[in-house]
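Please read it alongside the sequence and the model.

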Amino acid sequence: MKKVLLVILILLIHPFLLGSQKSNYLMVLSMDGFQWDYPNKAATPNLDSLAKIGVISEIIPAFPSKTFPNHYTLATGLYPDHHGIVLNDHFNYPLQEWYRTSDRKAVEKGIFYGGEPIWNTAETQGVKAATLFWVGSEADINGQRPTYWKKYQHDMPFSDRIDTVVSWLKKPVISRPRLILWYLHQPDSWGHQLGPENPEILPKIQYLDSLVGIFCSKLQMLPIRDSINVIITSDHGMGQISRERVIILDHYIKKEWLEKETGSSPVFMFEPKTVFVDSVVFHLGKAGHLALWKKTEIPKNLHFGSHSNIMPLVALADSGWSIYWQKDLEKEHYLGGTHGYTPENRDMHAIFYAFGPDFRPNYVHEAFANIHLYNLMCKLLKIEAGINDGDLKKVQNMLR
Ligand code: AMP
Ligand code: ZN
Ligand code: ZN
């Protein structure tokens, strides 16, 4: 009798001895620049069917709505102001080093990335993670990496990416990742090139939708299919721009007035040379169709302005407007669409679909800020979240 009781007791506490109770698997796909409204305009039968079996919502990017700040916000639940990737290219003042997305060494250097990305939260709690090209996942952050990760290869065909993710799920259970984050760099470039209002974008969206269909059907063939949660989302949307709505910086300020500057339309940061601060503020302030803020005076709702990597002045064009240095305008081929505007601009919002055993079926969730995704992922993985800016309450209604 005593022996039987002991066995029952061991069976009851067994999951806790092993660490956390096993969760379902979690796949998170980001398709860059997938504006929330694209599926309403293009034929997207696969995404539409996901909305029926699961959750559909609209995800709101953090400011500035650029790729690197937002992918790292999705991974950490922190505003860019708190994780430090404040723009794609930025100067890290404490390190006195540039972070540039084209600089492999910088992108792979962990010290640039603040906060705790989800793959580290998972790994420290015994949950294996895999990443395929997610911003930050190529770096050793706080001495840790996902179990499986790859260096960014822009040219890796999308079909190979699907197969890589599926092959990870086919690993023996002992080495199989429970969390996978993966990335496709489209429809961002198409959106830049064509503009979101151009009908030529629609077949491109249809093509990406077909890839979603292929991915889901490959998941369906796995023995673990009933224990996979899937989230399909994006870092930001896309807004239509025009050659008629361009602010040329050289018309107001001189590059020589600046100690440092960075950014890409529609958002720039400037560190003027001390004697030129007033000149930059005065002249650029006259430009019209842009907001020019001192770092300390950025509107509170943008949650941007305290990090040491933010330069003393931030310029943001009005929605639909572009900012260029003359020399860049000449070589700029993309005057179709862009992103970087404030989260209030609905064109910056992106798609969100989620389905699987933990999600409610056929459920429309209100739009939510992307800082909340991190807590949602932690909840789904049954792990404890690190410090972050999100709130599970804002998204938990989408769960069963
Ligand atoms: P943007 O539209 O300027 O905000 O940035 C989009 C671009 O970021 C895409 O075209 C990708 O090629 C690039 N990108 C995304 N993730 C990575 C990465 N991990 N390493 C290098 N480039 C990346
Ligand atoms: Zn992007
Ligand atoms: Zn882009």
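In this predicted model, the zinc ion (ligand 2) is coordinated at 2.0 to 2.8 Å by Asp32 (OD), Asp32 (OD), Thr67 (OG1), Asp235 (OD) and His236 (NE2). Donors are N, O and S atoms within 2.8 Å of the metal (3.2 Å for Na, K and Ca), and sites may look incomplete since water is not among the atoms. Local features need pLDDT of at least 70 and side-chain atom pairs count only at pLDDT 80 or more, while totals for chains, interfaces and linings use all residues. Residues are numbered from 1 along each chain as its sequence is written, chains are lettered from A and ligands numbered from 1 in the order in which they are written, and side-chain values use heavy atoms, with hydrogens and water left out.

**Zinc ion (ligand 2)**

- Along the chain, the donors of the zinc ion (ligand 2) follow the spacing D-x34-T-x167-D-H.
- Helices (H or I, at least four residues) and strands (E, at least two) are DSSP runs, numbered from the N terminus.
- Both Thr67 and His236 are buried. Buried means under 20% relative accessible area, exposed over 50%, and partly exposed in between (1.4 Å probe, protein chains only).

**Zinc ion (ligand 3)**

- The zinc ion (ligand 3) and the zinc ion (ligand 2) are separated by 4.4 Å.
- Asp188 lies in helix α9 (residues 188-194) and His339 in the loop between β16 (337-338) and β17 (350-355), so this pair ties together parts that are 151 residues apart in sequence.
- Asp188 counts as buried at 10% relative accessibility, and His339 is buried with a relative accessible area of 3%.

**Largest pocket**

- The largest pocket holds about 1,200 Å³ of space. On a 1 Å grid over the protein atoms alone, a pocket is an open set of points with protein on both sides within 12 Å along at least five of seven lines, a cavity is a set where a 1.4 Å probe fits but cannot get out, and lining residues have an atom within 4 Å of a point.
- Grid points are joined across faces, edges and corners, and a volume is the space filled by probe spheres set on the points.
- Its lining comprises 41 residues, and Asn88, Asp89, Thr101, His192 and Ser264 lie nearest the centre of the pocket.
- Two or more lining residues come from each of α4 (67-76), α6, α9, β11 (258-264), α12 (326-331) and β16; β11 supplies the largest share, four residues.
- The pocket lining divides into twelve nonpolar, 16 polar and 13 charged residues. In this scheme Ala, Val, Leu, Ile, Met, Phe, Trp, Tyr, Cys and Pro count as nonpolar, Asp, Glu, Lys and Arg as charged, and the others, Gly among them, as polar.
- At least three lining residues come from each of domain 1 (2-84 + 101-240 + 355-398) and domain 2 (246-335), the bounds coming from an automatic or database domain assignment.

**Largest cavity**

- The count comes to one cavity of 30 Å³ or more, and the largest cavity holds about 30 Å³ of space.
- Leu29, Ile162, Trp182, Leu184, Leu211, Val212, Phe215 and Ile232 line the largest cavity.
- β7 (179-184) and α10 (201-220) are the elements that give two or more residues to this lining, and α10 gives the most, with three residues.
- By class, the cavity lining has eight nonpolar, no polar and no charged residues.

**Salt bridges**

- The structure holds ten salt bridges, each being a side-chain nitrogen of Lys or Arg within 4 Å of a carboxyl oxygen of Asp or Glu.
- Arg104 pairs in a salt bridge with Glu108, with the closest N and O atoms 3.6 Å apart, and in another with Glu138, with the closest N and O atoms 2.1 Å apart.
- Arg104 lies in helix α6 (residues 104-107) and Glu138 in the loop between β5 (129-132) and β6 (148-150), so the pair ties together parts that are 34 residues apart in sequence.
- Glu138 counts as buried at 4% relative accessibility, whereas Arg104 is partly exposed at 31% and Glu108 is partly exposed at 22%.
- Lys327 forms a salt bridge with Asp328, the closest N and O atoms being 3.0 Å apart; Lys327 is partly exposed at 48% and Asp328 is buried at 19%.
- Arg104, Glu108, Glu138 and Lys151 are joined into one network by salt bridges that share partners.
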